Amino acid sequence: QVQLVESGGGLVQAGGSLRLSCAASGRTFLSYTVGWFRQAPGKERAFVAAISRGYGRTYYADSVKGRFTISRDNAKNPVYLQMNSLQPEDTAVYYCAASEKFYDGGNDYDYWGQGTQVTVSS
């Protein structure tokens, strides 16, 4: 019922910035918790950030806290991930996901996007 599409990935130099977008068809993101995850080659998928349904409280992994910001554009629908001070360790495929639950720290999201590549050069 919901299709998620990530965009905004690309190649940036260390210290640079990038903004990812997650657009959805179907129900409004106001009814969903939306999370961002990433997976680097040879590594497990890892949680990055989330914005909870309802009041929109945000949550971040320790590795990105202070550098990344997740936000929601209610008028235009997409959820954004603003990434600043990017480092080579941030290189990964980034996925957005949506859940009908309020944020509880879990990874059992209902819908997943196809991913967008982020590459940070040194």
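1. Residues are numbered from 1 along each chain as its sequence is written, and side-chain values use heavy atoms, with hydrogens and water left out. In this predicted model local features need pLDDT of at least 70 and side-chain atom pairs count only at pLDDT 80 or more, while totals for chains, interfaces and linings use all residues.

2. An open sheet of four strands has the order S1-S3-S8-S7 with antiparallel pairing, where strands are DSSP runs (E, at least two residues) numbered from the N terminus and two of them pair if DSSP finds at least two bridges between them. The edge strands are S1 and S7 (68–72), each of which pairs on one side only.

3. S1 (residues 4–7) runs antiparallel to S3 (residues 18–24) and is joined to that strand by four bridges, and the bridge partner of Val5 in S3 is Ala23. S3 also pairs with S8 (residues 79–83) in the antiparallel sense over five bridges, and there Arg19 has Gln82 as its bridge partner in S8.

4. Thr33, Ser99, Lys101, Phe102, Tyr103, Asp104, Gly105, Gly106, Asp108 and Tyr109 line the largest cavity, a cavity being a set of points on a 1 Å grid over the protein atoms alone where a 1.4 Å probe fits but cannot get out, and lining residues having an atom within 4 Å of a point.

Conventions
1 Å grid on protein atoms, 1.4 Å probe; cavity = no way out; pocket = protein on both sides within 12 Å on 5 of 7 lines; lining within 4 Å.
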